[in-house]
Amino acid sequence: MSEEWLARWKRGQTGWHEAGGSAALRKFWPGLPAGSRVLVPMCGKSADLLWLEQQGLDVTGVELSGIAVRAFFAETGVPFDIETGDGLPLFKARQRNLRIHCGDYFQFTARPFDAVYDRAALVALPPELRPAYARHTRALMQADAVHLLITLEYDQSMVNGPPYSVPADEVKGYWPDLRRVGDKSALKNMPPKYREANLSEFVEAVWLNT
Ligand SMILES: C[S@@+](CC[C@H](N)C(=O)[O-])C[C@H]1O[C@@H](n2cnc3c(N)ncnc32)[C@H](O)[C@@H]1O
């Protein structure tokens, strides 16, 4: 699985990337006290990292691919330093509250975060890895942490992921405190393989626990 992601980054096959960031994040993110620590699992080169930091938050991303991490800093123009130590290599933005740990999310440990923002991380994983992802993410969250999750829903029997369809029942099974606060048809922005499969429904669902 990891090899496939690394290969995608090598080929520049990053159709999920939204250059302007996520509209759902901007719409649903609750105000949090300045300095709150936010975790962004499997962050890619998401522009949302910078948006969250600009809200006064202390942002930590975790991403497998060094190509993605370097692309984030190159494309945003944010200067950075690299630290290597016991844990995953750390790319630290200079004079900003923003850093990305480069490596396997399942190996990432830290003291629990005040909030988690997940766009296209849970849905990047096949069904057999998702329970472990949910457990690991829960272990990285304070008991009262804010949790914003964006998932996709479509007919999985017609086309395979990633990104995978994650049914509402599965989401509620992992995190009973999440409420569905938004959903939007994403039929117009479907990646080509979904268009070719002629899906009649492709929904972006937004979940929040506050
Ligand atoms: C669909 S992309 C989403 C990226 C980002 N969240 C966004 O919204 O643009 C999934 C990302 O997860 C990364 N990834 C996959 N498995 C991972 C793992 N085990 N640890 C860390 N990152 C991983 C991939 O390299 C890829 O960048």
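## Basis and overall form

A residue is called buried when its relative accessible area is under 20%, exposed when it is over 50%, and partly exposed in between, with a 1.4 Å probe and protein chains only. By that rule, buried residues make up 50% of the 210 residues in the chain. The model is predicted, so that local features need pLDDT of at least 70 and side-chain atom pairs count only at pLDDT 80 or more, whereas totals for chains, interfaces and linings use all residues. Residues are numbered from 1 along each chain as its sequence is written, and side-chain values use heavy atoms, with hydrogens and water left out.

The chain holds seven helices and nine strands, these being DSSP runs numbered from the N terminus (H or I over at least four residues for helices, E over at least two for strands). Along the principal axes, the C-alpha atoms fill a box of roughly 45 × 40 × 30 Å. Among contacts (heavy atoms within 4.5 Å) with a separation of 6 or more, 66% are between residues 24 or more positions apart. The accessible surface comes to about 10,200 Å², of which carbon and sulfur atoms hold 50%; such areas come from the Shrake-Rupley method with a 1.4 Å probe, and for residues only the protein chains shown count as cover.

## The ligand site

Of the 15 residues around the ligand, M42, E63, D104, Y105 and R119 come nearest, where a residue is near if one of its heavy atoms lies within 4 Å. This shell divides into ten nonpolar, two polar and three charged residues; Ala, Val, Leu, Ile, Met, Phe, Trp, Tyr, Cys and Pro count as nonpolar, Asp, Glu, Lys and Arg as charged, and the others, Gly among them, as polar.

A polar side-chain atom of D104 lies 2.8 Å from a nitrogen atom of the ligand, and a polar backbone atom of M42 is 2.9 Å from a ligand nitrogen. The side chain of W9 has an N or O atom 3.0 Å from an oxygen atom of the ligand. The protein covers 96% of the 600 Å² of accessible area that the ligand has on its own.

Two cis peptide bonds are found here: the bond from G161 to P162 has omega near -5°, and the bond from P162 to P163 has omega near -10°. Y164 is buried, because its relative accessible area is 9%. Leaving out residues up to four places away in sequence, its contacts include V123, P126, R130 and L152.

E153 lies in strand β7 and counts as buried at 17% relative accessibility. Its side chain is joined to that of R180 by a polar contact of 2.9 Å, meaning a pair of N or O atoms within 3.5 Å; within protein, one must be able to donate a hydrogen and the other to accept it, and residues adjacent in sequence count only if both atoms are side-chain atoms.

## Positive phi angles

A120, although not a glycine, has a positive phi of about 65°, and it is partly exposed at 26% relative accessible area. N198 has phi near 60°, also positive in a residue other than glycine, and counts as exposed at 64% relative accessibility.
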